[in-house]
Each structure stands twice: as structure tokens, then as C-alpha cells.
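Please consult the sequence and the model while reading.

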Amino acid sequence: MISYKHLEFHPEKPTDNNEINQIIELVKVNLSEPYCIYTYRYFLNQCPQLCYIAYDDEKPKGQNIIAVSISKAETHQGVRVRGYLGMIAVDPAYRGKGIAKTLIDKSIDVMIDSYHCDEIVLETEVDNPQALNLYESFGFIRTRRLFRYYLNKNDAYRLVLPLTEKSTIRTYFL
Amino acid sequence: MSRHTNPAELNNLELDSWVDITQQFFETAKNVKHGNIVKLESLDLMEGTDAKEILNPALDTGLIEDESYDCDRDLTLDETVRVVANITSCLVTWLDSSSLPVTLFSCRYIEEILTRFSALLSSSTIVEKIFQVSNLQYSNKLDQSDSFTYRILRAYLIGVLNFTAFVLNIPVLKDEEDLNRVSMDLNIDLLLQFPQKDVADLVNSAYSLLEKRDDKNSKVLQLYFDILKRLQMLYPLSASVNQGDFQDTLFLHEATGFIDKLSEENDYIDSIPQIPHLFTRGIQKRKNNIFPPRPIKMHSFTICISYLHYLFDDLKLAMDVLCFQDAADLRNRLYIFGSKRNEKLPDQEHTSTHIVAALFLESILLRDGLILGAIPVSEFLKQDLSSLTAGESVVLSLLEDDKLTNDRAIKARASSLLQEMEKTYISWIQSFLQNPSKQRDFFLDSVVVWDTIQVTADDLETSLPDDYGLEDTFKSIQPDGSLSELPVMPLSSYVYYMKLDSMVQVVFRGIELEIYKPWEMYQMYWYGLYLLSTLESHIARMKDVAKYKLSKAEGESKDIWKKTLDHINFLIQETIVFKTLAQAQQYTWTILDNLKLLKLPKYNRTTPQLLYQLRMKPFSSVGIPQLPSIQHFQNFADEIAEGSLRFRTERERVQDICFRCSSAVRQLTTEVKTAASQLKKIHPSRGRFKADYERGVDQILRSSIGVAVFSTKVNKKIKDAEFVTQCLKENPSNQAYDVSLSRAQYHRFFRLRRLNI
Ligand SMILES: CC(C)(COP(=O)(O)OP(=O)(O)OC[C@H]1O[C@@H](n2cnc3c(N)ncnc32)[C@H](O)[C@@H]1OP(=O)(O)O)[C@@H](O)C(=O)NCCC(=O)NCCS
């Protein structure tokens, strides 16, 4: 059984470092870009509700996190609320079972219901067809190609999912 | 203290007045549980995301294993070739968007030179003395010994570093992804302060040593020096303001010859073993470094050869662009420069001209804000205006000619309008000198700017006849056969042309950069076609003006309008070719759409309306041409289908639509062929630019043939009722029908769809 839950985070209670370490490990192994501890902490601290975790309930605690998606939401240039999908990683043994799809689905729900996002944005490598297919199946479209965006010199696409009209209005300031 | 504090600043800090809190800090830190975050409410963790994490191998450069290398060891001739070959590879790899620390600076000799040199400089007061190549402390051994290999090596290293400094100091702004300037506090600019003659002497004397020898190693080394010497020839050119200087590209052709000869030495060079620990990541640990550890980047010998060709070929192109005749000619040349892609190099299909060529060209073309450092942009813009919409209209001399008007207010308005146009014209020139992604961004930004300028230009030009008695009209035959007199409005017309062209570029470059998914292509070609049709009618209006003015002109004025008309004729023909092929493309997407082969997002979380609006966002604020609504697109699609309503079954109806579309495709692709051969004939450039342009037209023809073949294939398939029925099923159970886009050999704006059936 796979179950899903977002990260619980109470500023007054110490976080479960075990979970955080599992999450970090999972991302580290599966993504090419290196992130420092503060990057994770930044996302998790800012929007714990947008850190969605998938557990394999048959595995012992401490080894049961098999997928994670890490996102945030904030006001962009003072005019619209922008959700940002930061990272997603699924343990290779669990891929192709719809787990990433569920994580994104749930994150989008939170972004709409709790944060009232006008749009969701992310960047991904041009040669990561799995990720591109995944996002594009939700209706994300490519708005820009970013030349040699990653440390490994790969180009990226900026992908955007418009949720309200605000996302589509062009002014000098948007 | 910031990590960027340099030793000199350190001395200036009055350390006595500082309090040591180390002990207190450690005491307090004891109370923090491992792994927990201590953070002030008011602080954002964003700042920390750039931190380098200690003991994390992906981030901590301190964990890099640092092997030592003896810079004073003896080098054999083979080894010298190895170093020179590696250094050259590092140089071309750096210029391929890598950083200096993972390329050139990873060489211990280079690190040694730059470190000693910097140290010497800060400890000595006799600055002039240091700025003599002969005083450059390099390694103990070399400074004292006259060893042949070290003399060669030293000259080559200094020569390459000097070139590196030259590139870094070309006064053109570029982003880090185009040219990486990270230097880890090694002051490479110092290398520029040597008198160039000294560097040239050093290189030449090493070269003469090599010339005297007959061994294979020396011959190979000589080739590397031959290439380096050709690079050095760029220095005086880069300072030249004499357009004639750019005609002599012999040295670049020579370089190509040397590179070809060098490429024959592949086996020999590959057979020389690497020198252990000479190229290492150690510098990332030893020097000031704010980046995570990165592997060394050094292209293989064969790829290095391709990159050297890439560099010199594009330098040649840059020099050729600089020999333009006038504004209209520069326009044609810039389009060629901006369209060049490097499909021959691995993974480079989305890179444009070589960065050094782009920098070199921009720095000379727009030197000190003047065209070629000599012609004011305003003058040049007038030439461009003349070649497109203005011929020799009065408005061009509005500012200078007091006989026309000496009204201050109108002059001020015209002058501020022209200034805005100049600024946008400059960034229009610059857009061709960017990487392909940025080219599209530049065009995208300019759409709004041209749109705003057009409003001002409209205002100004409509007020000229009534308020200032400056009338400028032409007569043209209207669709109903009547003859009417209309205002010329050359400025506004020019701005409108530029805006429409930018809009077209944004759409079609989006296709090139694979911004659109197959399910969006139908819509994008439809919109692209709408823009091209608008552009075509506008150019037709420009043509009417030019024809009318030519018919009335006399003497010199006749020549000017004749030139304008020729230029417009070329532009209109080009637009017709693009439009016809875009239309053919659009019909093929109509077929795929009707067969329901363009898969929409499966788990869509948004609406088609929002997706359309987001896609068209760059154009949403444009006054004219107004953005059509998604309903317009729907109506268009319905209209195509309408002719097939009389059929009994859905399958028959779709079959009929597809048959009609594919016969339209056949018709259109025949038209492309005729129009393209006409286009080749009237392209105004000569020499290489004509040849380069014709190659582009050939790609269009290939795309056109591809479209025709595709439609014939699909046509056959559509006759199969079972196939069509299968396609039309609500959820086609098999994924066998898959539409993807292929680029190979085709024009970048007209990729072909591949239907895997
Ligand atoms: C990308 C990734 C998260 C997908 O996880 P997953 O759980 O296997 O994906 P799902 O099973 O939920 O698939 C959802 C959709 O993604 C796409 N997808 C997933 N795997 C794919 C593959 N191997 N090839 C093509 N598309 C794929 C498909 O569109 C799929 O929908 P479908 O099955 O209905 O066709 C996973 O491959 C991964 O962790 N990769 C490494 C990390 C990474 O690249 N992250 C993204 C960059 S931030």
C-alpha cells in the first residue's frame, strides 16, 4: 500500500530529522542539480503543506519514504500568486505506477485551495522526457527555453500552468 | 566579513577594535540540536540556498583530493605537445559556456603563472618592470633554464592567456551562460597589460625555434602556434574603425587550413599519454571559490578541431557582416548571422554563432554607440527607414530642414520619437547576436516596445498635414477598383513592419525551440499564418507607396525609390514563400486534428481558454493586429469541416475533410516551389550571403517536399476505413499512433511531423 501525506511542521516542535534526511537522500540520488541543506529547509519551512510525501506502508519507518515533491507558493511581483514546483523524485523501484502523478495532483489541490494560486511554474531539463510528459499531461505549457540553465549545461524549459486569468495578462510589469 | 574580502581590505580593518566572540559562539551553539534550524522570524532562508554545505561531496570543494604536481619537472617533447593540445581543448571548451576553473585554470602551469604573477604584482612597487613579459615568474626552473620545451610552453601559455584576457575584455555585455567570467580572484586582466608587442615577440621567437626543427612533434606544435598567431591578428582588427580592414579574411582562411592539417594528427596526439595531476580540480579547492565542485571539462581532440573550425568560420562570417554596404544590406546579413546554427557539433543544434564571433561583431558594429564607431545610429536608422518605407520622404529631413518647418514643438516630438526608435533599432541589431533562446526573448520584448512607439508615430504623422501643412500622400487602387489618396506615414509604417516581423519571429522561433507541443501546432500555424497575411498586406501597402513615388520621382530621387521598391519586392516574395508553406503545414495539422491524433493533456487541470490566453500572452496587449480569440480559431476549424457536413457517418465526414486538406497541401507545395525559385532570383545580396540565403531557401524546399510526402502517405492511409474508425474511437486503445516532431534537414521554422503508425 502506498499512502500520501504532506510534511508536518511545527516551528515550536523539532522536526523529524529522520524524515527530512530520507527526503534529502531521495532527491540527492535522483536529481542532477546539487542542493544544499538550506534549500530543502527553505522550501520545507516556507510551505510544509506543499511538501508531499509518498510512503510504502509495508516498509519499516525510517526507510518508508519512496517519493517526494517539494514546492512553494508566494506572491509574484505583487500582482499574482505563483506556485512553484521545486523538485520531484520517485524511487526508481516505484516508478511508472502513477505516484508522481498523485503527488503533483495533490500539490496542485493545495496550491489552488489553500494558496489560491493564479499559476504554477517550474523549470525542467529539455532532455528529461519523463518529467516533461508528466507536467505536460497536467496542461503545463512551455513558455520559454532557457539557454544552458543547469550546471550540467543543459537547456531548460520554463513550464507554466495557468489557473486564473491573472496568469495570462501581460503588462509591462508582468 | 564577506568571502570576497581581499587581502588589502583585510589590512585596512582595524582589528583592535573588534571583539572576539568565538568562545561565546561555541558555547551557545552547544545548545542547538544537530540538524535543527535556528532562525529569526524576520529572516528568510532564501539567502541560505546558495550556501556551500561542508562535508557534502556535491557541494564541499574542501573534499576534492588535491594531488601535487611539480611545475619544475622536465618535459619531453611529446609531453609538451600533450600540454599544448590540452590547453587548446580547454580554451575552446571554456568558450563553449564552461567556466575557466574547470577548463584553462585547471592546468597547474596556468594556475602557477597567474598566482605568481598576482603575488609579484602586489609585493612590488616597480609595476613597469613587471609588465614585461621577460619578467613573468613562471616556474623556478623555467626562469633560469633555457630548456627548449619550456620556452615553447611558456610562449603558448602566455599567448593563450593573453587571448583569454582579450575575449574577457571585449566591451559587450553577455550573460554567464554565454561567456563565463568566473576567475577565482586570479587577475587574468593583468595579462592584457603587457605590451602586445612583447607577447607577439615571445610567441614569434618560440615559433622560429620550431621552424628550425624537422621532428614531428615540432611540426605539430608549429600548427598550434600557427592557429594562435591567427587569433592574435584579431587584436588590432578589434580596434579598427576602417570598414575596409574587415575585407581581408585571408588569415582566417589560413587558420582553417592549419586546423585541417592538425586534424590529420589525430592518431599521434591521441597516442600521447596524459600527464598525471597536471590538469586537476585542485584549483577549485585552493583558490577563492563560491561554486560547488565541478568536473574538469576538456573536449576531445576531434571535438576540439570542430570547435576551432566553428570559431574561425564564424569569425569569417562576422567579418563579412562588417563589410555591409548600407542599412538594407546589413539587415540581410544580420538575418543570416542570426540564423546560423551549428548542427554539425554534438548537442549544439540550439546554439548560434560562436560567442567570440558574436562579441567581436557587436563590439565593432556598435562601438561607442555609433555604427562601426563612426556613423550615428540616427543616420543609419534613416537609411533603414528609407530602404523600407520612407524612400526619401520629407519626414526624414524634418529635424534638419528648417525650410520644411521651424516649429520647435514638432521638432521636439520628432526627435524624441526618433530617439525611441534608435534605442529599439539597436536592440533589434543586438538580437541577432544572441543565442537562439535569447533571440526569441529579444523579439518578444520588442513587440510591446514597437507597439508603444507606433502609437507615438501615428500621432505625430497624422498631425503633420493639418497642424504643420506637411502633406505626404500616395494614390492606390482599392479592392473595389476606385483610386484613393492615402497618407504615406513612413515612420508609423516602418514601426508597424518591425512589430509584425518581430511577432512572426516569436511564433516561428517558438517552433524552432520546440516550445509548442504537437497539440498546439495547429493553432500556432494558424496564428502564424494570420500574422504573415497581415504582414503581407502591409508590405503590399509599402509597395504601393514605393511604386507611386517612383512614378512621380525624377533624377536621384528615382534611384532611391527604385532601391526601396526592389527591397520591398524581395520582402514580399519572402513573405509569400513562408505564408504558402505555413498554410500547407496548417492543413496537415488540420488532418491530424480531425483524426484526433493530437493528444491533449491527459490529466488537464486548466481550461483550453486559459491555455490559449497564456500561449498568446506575448501578443495580448498589442493594439494592431489585435489578438484573435480562441473562438476565431474554433470558427476557422469549423469552417474547414463545414464542407463535409453532407456525409452520413463521422468516419466518412472526417475522410472527406482529410482528402480535401491533403489535396490543398499538394497544391500549396507546388506553389512553394515556384515562389521559392523566384525568391532565389531576387535576393539582393551577392557572394556568400546569397549562397547562405539560398541554402536556407533549399531547406524550405526540403520542408515543403516533406510536407507533400507526408500528405500523400496520410492520404493513402485515410482510404483505409478501419484506420480512420480506429483513430476516431474515444480513447484510442493503442498508443501506436504517435505524432512527434522531427527537425533533421528541414527548415527550423517548418519542422516535420512524424506519424508513427
Ligand atoms: C519524473 C518522475 C518523477 C516520474 O515519476 P513516476 O512516478 O514514475 O511517474 P508516474 O508513474 O506518476 O507517471 C505520470 C506521467 O509521467 C510521465 N512519465 C512517467 N514516466 C515516464 C517515462 N519513463 N517515459 C515517458 N513518460 C513518463 C507520463 O506522462 C506519465 O503518465 P502516463 O503514465 O499516464 O503516461 C520519475 O521518473 C523521477 O523521479 N525521475 C528522476 C527525477 C526527475 O527527473 N525529476 C523531475 C525534475 S524536477
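A residue is called buried under 20% relative accessible area, exposed over 50%, and partly exposed in between. The model discussed here is predicted. B:Asp313 has a relative accessible area of 28%, so this residue is partly exposed. B:Lys316 has a value of 12% and is therefore buried.

The side chains of B:Asp313 and B:Lys316 form a salt bridge, with an N to O distance of 3.8 Å. Both belong to helix α14 (residues 301-322) of chain B, and because they are 3 residues apart there, about one helical turn separates them.

## Further salt bridges

Side chains of opposite charge can pair when their charged atoms come close. Over all chains, the structure holds 49 salt bridges. One of them joins B:Arg108 to B:Glu111, with 3.9 Å between the closest N and O atoms. These two residues lie in helix α4 (residues 108-123) of chain B; they are 3 residues apart, so about one helical turn lies between them. B:Arg108 and B:Glu111 are both buried.

Another salt bridge links B:Arg748 and B:Glu512, whose closest N and O atoms are 2.8 Å apart. This pair connects distant parts of the chain, 236 residues apart: B:Arg748 is in the loop between β5 (738-742) and β6 (752-756) of chain B, whereas B:Glu512 is in helix α20 (residues 490-512) of chain B. B:Arg748 and B:Glu512 are both buried.

## Strand pairing in chain A

In chain A, strand β3 (residues 65-76) and strand β4 (residues 80-90) pair in the antiparallel sense over 10 bridges. Within this pairing, A:Glu74 stands opposite A:Arg82 in β4(A). The two strands, β3(A) and β4(A), form a hairpin with 3 residues between them, and A:Gln77 in the turn has a positive phi of about 50°.

Strand β4(A) also runs parallel to strand β5 (residues 119-125) of chain A, joined to it by 3 bridges. Here A:Arg82 has A:Glu119 in β5(A) as its bridge partner. Between β4(A) and β5(A) the chain passes through helix α3 (residues 99-113) of chain A, and this β-α-β crossover is right-handed.

## Annotated region of chain B

Over residues 360-639, chain B is 70% helix and 5% strand, and the end C-alpha atoms are 52 Å apart.

B:Val449 lies in helix α19 (residues 436-468) of chain B. Its relative accessibility is 27%, so B:Val449 counts as partly exposed. B:Val449 and B:Met521 are 72 residues apart in sequence, and their C-alpha atoms are 27 Å apart in space.

## A nonpolar surface patch

A nonpolar patch on the surface is formed by B:Val19, B:Ile21, B:Phe25 and B:Phe26, which together have about 460 Å² of accessible area. Of these residues, B:Phe25 is located in helix α2 (residues 22-29) of chain B. B:Phe25 has a relative accessible area of 52% and is therefore exposed.

Terms used. Residues numbered from 1 in each chain as written. Chains lettered and ligands numbered in written order. Predicted model: local features only at pLDDT ≥ 70, side-chain atom pairs only at ≥ 80, totals over all residues. Heavy atoms only, no water. Patch = residues over 30% accessible without salt bridge, like charges linked within 9 Å, V, L, I, M, F, W, Y side chains within 5 Å. Areas by Shrake-Rupley, 256 points an atom, 1.4 Å probe, with all protein chains shown as cover. Salt bridge = Lys/Arg side-chain N within 4 Å of Asp/Glu carboxyl O. Helix = DSSP H or I, 4+ residues; strand = E, 2+ residues; numbered from the N terminus. Buried < 20%, exposed > 50% of the residue type's maximum accessible area, 1.4 Å probe, protein only. Pairing = 2+ DSSP bridges. Right-handed = clockwise from strand over helix to strand, strands pointing away.
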